[in-house]
Amino acid sequence: MDSLGEWSWPGRAAEAVESLPLPPSWVPALPPHLEPAAAGVGAGGSSLARPTRLSPWLVVATGLLSAIVSLAALIALQGPVSIERLVGLRSAQPPAAAPPTPAVVPAAPLPTLVAGSQDSAGSSVDTATYGSAALGASGTFHVYIPPGFASTSQHYPVLYLLHGNDQPATAFLEIGLQEQLDRMIARHAIPPLIAVMIQGGPGANNWRNRYERYVLEVQQLVDRMLPTVATRGERAIAGDSMGGYGAMNIALGHPQRFAIVESWLGFFDGLDGELRAARPTIERQGLRAYVYGGASDRIANPSENAPFAARLRAAGASAHSAVYEGGHTMETLQAHLGHMLLYAGRALADDATPTPATPRPATIAARPPASRG
């Protein structure tokens with residue numbers, strides 16, 4: 001694999017609260033109080049009239065007539081009324097059933113990392129395949145697990161890697177990612193870290209739209225599956241070629257997620273809007289960036305790197321750029337992989353914060369014994 005391929009870059013496309021029940025609407029109000037009839041004023045004019053004594057039968061008849069009138073008024077207003085409704089007794093019929101409580105949908109199970117064989121330094125590359133909601137299809141990512149992972153409970157910073165057009169995610173392994181990280185960690189040049197290589201789709205997917213959501217989905221899964229330091233300051237994202245574009249697009253489009261970004265032989269078409277939108281976050285929280293191109297690159301124009309780095313600095317980032325010898329090839333990437341890993345690792349170390357130790361998660365399948373050679 002000596003070429004990164006070519007591409008085109010099209011435009012970017014309560015929980016319910018239960019309230020106390022009110023009285024039933026059909027409960028009648030108290031019947032009106034009936035005052036006794038009063039005699040008219042006499043010829044004397046100013047004397048108070050004496051109440052007339054009514055017979056018991058008249059009192060009963062008057063009460064009965066009042067009840068009949070009240071019942072007729074109630075029926076006229078609310079329709080036919082049963083005896084139970086009138087006196088407030090519960091009907092023999094069972095009350096209407098409450099609406100069913102929506103079923104609680106359990107969270108999707110976490111993917112399991114299938115263990116790969118360890119190298120002589122004790123690191124491994126494991127793989128997870130899962131049903132991606134973002135893609136609506138199967139998603140895959142590979143994880144570099146640093147030496148000593150099984151024997152410690154420490155938390156790790158994470159470097160996410162996006163490949164170029166028509167590459168597999170394992171292209172980073174082909175240019176020596178695992179060996180480079182092993183050596184740098186052993187020399188204490190960088191802190192032990194986890195590296196996640198995300199497998200994108202075929203062709204020029206741009207790492208935008210659903211593939212952009214896919215990267216964020218994987219990031220959230222990794223934080224749930226592995227003992228990561230789940231903070232912005234200890235996440236870095238990098239990529240080559242189309243993946244370099246994708247890394248910058250995602251870092252600027254979601255500045256609250258990543259504090260370090262690198263573009264290797266990438267490009268920056270159409271990212272000025274994302275940079276403007278990300279500026280408040282960059283000014284407040286910072287951003288470390290490194291972009292580089294190849295002097296003889298005929299696909300990603302190397303002259304774009306320095307101006308874009310300058311725009312990043314104007315927004316408040318600590319940004320560096322370079323143009324190295326070489327073209328748009330895997331050889332150019334391999335020649336400078338160590339520099340890029342060193343930059344990312346040191347930036348992650350600078351932003352490191354202590355976290356409580358926790359046991360190793362159970363989402364990693366048993367790993368075969370290390371092969372020592």
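The legends below describe close-up views of a predicted model.

Residues are numbered from 1 along each chain as its sequence is written, and side-chain values use heavy atoms, with hydrogens and water left out. In this predicted model, local features need pLDDT of at least 70 and side-chain atom pairs count only at pLDDT 80 or more, whereas totals for chains, interfaces and linings use all residues.

**View 1. The open sheet of 8 strands.**
The strands follow the order β1-β2-β4-β3-β5-β6-β7-β8, with mixed pairing. The edge strands, each pairing on one side only, are β1 (124-132) and β8 (318-324). Neighbouring strands are turned by 15° against each other on average, direction ignored. Helices (H or I, at least four residues) and strands (E, at least two) are DSSP runs, numbered from the N terminus. Two strands pair if DSSP finds at least two bridges between them. Axes are lines fitted to C-alpha atoms, for helices over the stretch in contact, and angles run from 0 to 180 degrees between N-to-C directions.

**View 2. Parallel pairing of β3, β5, β6 and β7.**
Strand β3 (residues 158-162) pairs with strand β5 (residues 235-240) in the parallel sense over 5 bridges, and Leu 159 stands opposite Ala 236 in β5. Strands β5 and β6 are likewise parallel, over 5 bridges; here Ile 237 stands opposite Val 261 in β6. A further 5 bridges join β6 to the parallel strand β7 (residues 288-294), where Val 291 is the bridge partner of Ser 263. The chain passes from β6 through helix α7 (residues 272-285) to β7 in a right-handed β-α-β crossover. A crossover is right-handed if, with the strands pointing away from the viewer, the path from the first strand over the helix to the second runs clockwise.

**View 3. The unit of β5, α6 and β6.**
These three elements make a right-handed β-α-β unit. Helix α6 (residues 242-253) has 12 residues and reaches 16 Å from its first C-alpha to its last, close to the 16 Å expected at 1.5 Å a residue. The expected span is 1.5 Å times one less than the number of residues in the helix. Of the 12 residues of α6, 11 are buried, among them Met 242, Tyr 245, Met 248, Ile 250 and Leu 252. Buried means under 20% relative accessible area, exposed over 50%, and partly exposed in between (1.4 Å probe, protein chains only). Strand β6 (residues 260-264) has 5 of its 5 residues buried. In a regular strand the side chains alternate between the two faces of the sheet. Both faces of β6 are covered, with Ile 260, Glu 262 and Trp 264 on one side and Val 261 and Ser 263 on the other.

**View 4. Helix α5 across the sheet.**
Helix α5 (residues 210-225) lies across β1, β2 (137-145), β3, β4 (194-198) and β5, and runs at about 120° to β1. The end C-alpha atoms of α5 are 22 Å apart, in agreement with the 22 Å that its 16 residues should span at 1.5 Å a residue. Because 12 of these 16 residues are buried, α5 is largely enclosed by the rest of the structure. The buried residues of α5 include Val 215, Leu 216, Val 218, Leu 221, Val 222 and Met 225. They pack against β1, β2, β3, β4, β5 and α6, contact meaning heavy atoms within 4.5 Å.

**View 5. Aromatic pairs.**
Rings of Phe, Tyr and Trp (its six-membered ring) pair if their centres lie within 6.5 Å; planes under 30 degrees apart count as stacked, over 60 as edge-to-face and the rest as tilted. The count by this rule is 10 aromatic pairs. The rings of Tyr 130 and Phe 141 are edge-to-face, because their centres are 6.1 Å apart and their planes stand at 65°. Since Tyr 130 lies in strand β1 and Phe 141 in strand β2, this pair ties together parts that are 11 residues apart in sequence. Both Tyr 130 and Phe 141 are buried. The pair of Tyr 211 and Tyr 214 is also edge-to-face, with centres 6.2 Å apart and planes at 75°. Tyr 211 and Tyr 214 are 3 residues apart in helix α5, a separation of about one helical turn. Tyr 211 is buried at a relative accessible area of 12%, and Tyr 214 is buried at 0%. Ring pairs link Trp 207, Tyr 211 and Tyr 214 into a cluster.

**View 6. Ala 230 in the loop between α5 and β5.**
Ala 230 counts as partly exposed, at 46% relative accessibility. Not counting residues up to four places away in sequence, Ala 230 touches Asp 223 and Arg 235. Ala 230 and Pro 157 are 73 residues apart in sequence and 7.8 Å apart in space, C-alpha to C-alpha.
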